[in-house]
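Reader: Could you take me through this chain? I should like to begin with the overall fold and then move to details.

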Amino acid sequence: MSEVPELHFTVRWPDGSLERCYSPSHTVRDYLAPGETYPLPDFLRRTTSALEHASDRVRGRYGFACSSAAQQLEAIERSAAAFDEHDDAQVTVLGFDE
């Protein structure tokens, strides 16, 4: 069985902190672009769609969803919650690391 094409991406949160995130599929590239800055709600929509789609690809290939993708999404949601009160909060995608 071939390996899952994992991808990591690094984001900068509104407070300047960095987070390295995991995706079990390169399809996250269809949702996020390196160097782009997204309003927080848009970033959350994009990462939710990207990680759900990636998990679905794992399910299609191996017969089960990717729990690591779900855990990563939960971590992103926890980090994002710190900025809920900031209407102008933005997240920058710094790059991808395969």
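This is a predicted model: local features need pLDDT of at least 70, side-chain atom pairs count only at pLDDT 80 or more; totals for chains, interfaces and linings use all residues.

Reader: How many helices and strands does the chain have, and in what order do the elements run?

Author: The chain has 2 helices and 4 strands, where helices (H or I, at least four residues) and strands (E, at least two) are DSSP runs numbered from the N terminus. From the N terminus on, the order is β-β-β-α-α-β. The radius of gyration is 13 Å, close to the 13 Å given by the globule rule for 98 residues, so the chain is as compact as a globular protein of that length. That radius is taken over C-alpha atoms, and the rule is 2.2 Å times the number of residues to the power 0.38.

Reader: What does the C-alpha trace span along its principal axes?

Author: The C-alpha trace spans about 45 × 20 × 20 Å. Buried residues make up 40% of the 98 residues; buried means under 20% relative accessible area, exposed over 50%, and partly exposed in between (1.4 Å probe, protein chains only).

Reader: Now the sheet. In what order do the strands stand?

Author: The 4 strands form an open, antiparallel sheet in the order E2-E1-E4-E3. E2 and E3 (37-39) are at the edges with a single partner strand each, so one side of each has no neighbour in the sheet. From one strand to the next, the twist averages 35°; angles run from 0 to 180 degrees between N-to-C directions, with axes fitted to C-alpha atoms, for helices over the stretch in contact.

Reader: How many bridges join each pair?

Author: E1 and E2 are joined by 6 bridges, E1 and E4 by 5, and E3 and E4 by 3. Two strands count as paired if DSSP finds at least two bridges between them.

Reader: Which residues are the bridge partners of Arg-12?

Author: In E2 the partner of Arg-12 is Leu-18, and in E4 the partner is Thr-92. Elsewhere in E4, Gln-90 is the bridge partner of Pro-39.

Reader: What happens in the hairpin of E1 and E2?

Author: That hairpin has 5 residues between the strands, and Gly-16 takes a positive phi near 90° there. Gly-63, which follows H1, also has a positive phi, near 90°.

Reader: Turning to H1, how far does the helix reach?

Author: H1 has 23 residues and reaches 32 Å from its first C-alpha to its last, close to the 33 Å expected at 1.5 Å a residue. The expected span is 1.5 Å times one less than the number of residues. The buried residues of H1 include Phe-43, Leu-51, Val-58 and Tyr-62. The buried residues of H1 pack against E1, E2, E3, H2 and E4, contact meaning heavy atoms within 4.5 Å.

Reader: And H2: why does its length agree with expectation?

Author: The 15 residues of H2 (residues 67-81) should span 21 Å at 1.5 Å a residue, and the end C-alpha atoms are 21 Å apart, which agrees.

Reader: Which residues of H2 are buried, and which exposed residues are on the face turned away?

Author: Ala-69, Gln-72, Leu-73, Ala-75, Ile-76 and Ala-80 are buried in H2. They cover an arc of only 160° around the axis, which puts them on the same side of H2; the arc is that of the directions from the helix axis to the C-beta atoms. The face turned away from that buried side carries the exposed residues Gln-71 and Arg-78. The buried residues of H2 pack against E1 (7-12), E2 (18-23) and H1 (40-62).

Key
Residues are numbered from 1 along each chain as its sequence is written. Side-chain values use heavy atoms; hydrogens and water are left out.
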